[in-house]
Amino acid sequence: MNSSSVDSGRVRDAPSKNWVYRVLPRALWPYAQLARWDRPIGWQLLMWPCLWSAALAAGAAAALGSFSPARFLFHVFLFVAGAIAMRGAGCTYNDIIDHEIDMEVARTRSRPLPSGRVSRSQAKAFMVLQALLGLVILLQFNAFTVFLGIASLGLVAIYPFAKRFTDWPQFFLGLAFSWGAIMGWSAEFGSLSFSAVLLYAAAIAWTIGYDTIYAYQDREDDALIGVRSTARRFGDNPRPWLIGLYGLTVLLMFFAFLAAGAGFFAHLGLLVAAVMLAYQIRVLNIHDAEQCLALFKFNGVVGLIVFAGLVLALLLRLI
């Protein structure tokens, strides 16, 4: 165990200058770490498919003459808040399930449960509190979206176990983490569409790609303890797989935008995002853990670029 990380109250793979350590009392640090508030990239990656879908649906609504700026902004607020709450609840649940595994992996030994800074009962209570907050946020949407949100819990429950029975746990993460790609559309229309389903599939491929890069940080430890991942499955030559996954992401998103009638700026944003994805594949060094983490985080910017393109396309439609 990294004793210096435990003694400092921090975790090994989170920035020590994060606001959590400057603002919150030390007694609350373990709970913030369980929720990953000190690592915002996770909730951002959960959020982007939601906002892509909301913006894509808003553009379609504008074409139909039913767009409401206030409703769109309210949905954006709810999805941001919901992503923070549910990512926190999901990470806490994942840490409870993976308690023993995390004790065997160098990067995760300093987390609150393996280091003993919180008990399992405290972690469970905190998980329930976050889930209840997520439920309050979910109930602000229409009935069909509430149904979809509740249905996603099955995928969330399965994911922590996937690394035990398949080389593709990242696929199960994608199923759960990309669910917002259909919820943004359903929040606007109370139904689904072909474009929303295509966007969901695109987000799944994107998630598998970026989480594979992330998983290369732990590949050696995972092999020692028998944890499975796409990083282990792809071995020392992940580039053909990443080209396929990121290429599929761009292709499916392109057709999703076409099906929804998204405008020029949406496609321009996608083109810029495609270049950024290609850059990740080009420079990736799977033996450099710090670079793998940096490239993983870089996908937060990719998500922002796609969303910005969709919003610009929406604004152009409203002019």
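**Entry 1. Asp95**

I began with Asp95, which sits in helix H5. The model I am reading is a predicted one. I looked up the accessibility of Asp95 and found a relative accessible area of 2%, so I noted the residue as buried. Leaving aside residues up to four places away in sequence, I listed what Asp95 touches: Leu34, Arg36, Asp102, Arg111 and Leu113.

**Entry 2. Arg36 and its partner**

From that list I followed Arg36. I found a salt bridge between Arg36 and Asp95, with 2.7 Å between the closest N and O atoms. Arg36 is in the loop between helix H3 (29-34) and helix H4 (41-64), whereas Asp95 belongs to helix H5 (residues 69-97), so the pair ties together parts that are 59 residues apart in sequence.

**Entry 3. Ala35, next in the loop**

I then turned to Ala35, whose place is in the loop between H3 and H4. Ala35 counts as buried, at 1% relative accessibility. With residues up to four places away in sequence not counted, I recorded contacts of Ala35 with Arg87, Gly88, Thr92, Phe126 and Gln130. I also took the distance from Ala35 to Ala123: 9.8 Å from C-alpha to C-alpha, for two residues 88 places apart in sequence.

**Entry 4. Other salt bridges**

How many salt bridges does the structure hold? I counted nine. Besides the Arg36 pair, I wrote down two of them.

I found Lys163 in a salt bridge with Asp98, the closest N and O atoms lying 2.8 Å apart. Lys163 is in helix H9 (residues 143-165) and Asp98 in the loop between H5 and helix H6 (99-104), so this pair ties together parts that are 65 residues apart in sequence. I checked both ends for burial. Lys163 is buried, with a relative accessible area of 12%, and Asp98 counts as buried at 3% relative accessibility.

I next looked up Arg219, which forms a salt bridge with Asp236, the closest N and O atoms being 2.9 Å apart. Arg219 lies in helix H13 (residues 219-225), and Asp236 in the loop between helix H14 (230-234) and helix H15 (239-260), so the parts tied together here are 17 residues apart in sequence. I noted Asp236 as exposed, because its relative accessible area is 59%, over the 50% cut-off.

I then checked for shared partners. Salt bridges join Arg36, Asp95, Asp102 and Arg111 into one network.

**Entry 5. Helix H10**

I went on to helix H10 (residues 169-177) and found it mostly covered, with seven of its nine residues buried. Which residues of H10 are buried? I listed Pro169, Gln170, Leu173, Gly174, Leu175, Ala176 and Phe177. I traced what the buried residues of H10 pack against, and the elements are H4, H5, H9, helix H12 (194-215) and H14.

**Entry 6. Helices H16 and H17**

I looked up the packing of helix H16 (residues 264-283) on helix H17 (residues 289-318). The angle between these helices is about 170°, and their axes are 7 Å apart. I noted H16 as roughly antiparallel to H17, because angles over 145 degrees count as such. I sorted the residues of the contact between H16 and H17 by class and got 18 nonpolar, five polar and no charged residues.

Residues 46-65 are 95% helix and 0% strand, and the end C-alpha atoms of the span lie 29 Å apart. For residues 171-187, I have 88% helix and 0% strand, with 25 Å between the end C-alpha atoms.

Methods. Residues are numbered from 1 along each chain as its sequence is written. This is a predicted model: local features need pLDDT of at least 70, side-chain atom pairs count only at pLDDT 80 or more; totals for chains, interfaces and linings use all residues. Side-chain values use heavy atoms; hydrogens and water are left out. Axes are lines fitted to C-alpha atoms, for helices over the stretch in contact, and angles run from 0 to 180 degrees between N-to-C directions. Helices (H or I, at least four residues) and strands (E, at least two) are DSSP runs, numbered from the N terminus. Angles under 35 degrees count as roughly parallel, over 145 as roughly antiparallel, 65 to 115 as roughly perpendicular and the rest as oblique. Ala, Val, Leu, Ile, Met, Phe, Trp, Tyr, Cys and Pro count as nonpolar, Asp, Glu, Lys and Arg as charged, and the others, Gly among them, as polar. A salt bridge is a side-chain nitrogen of Lys or Arg within 4 Å of a carboxyl oxygen of Asp or Glu. Buried means under 20% relative accessible area, exposed over 50%, partly exposed in between (1.4 Å probe, protein chains only). Contact means heavy atoms within 4.5 Å.
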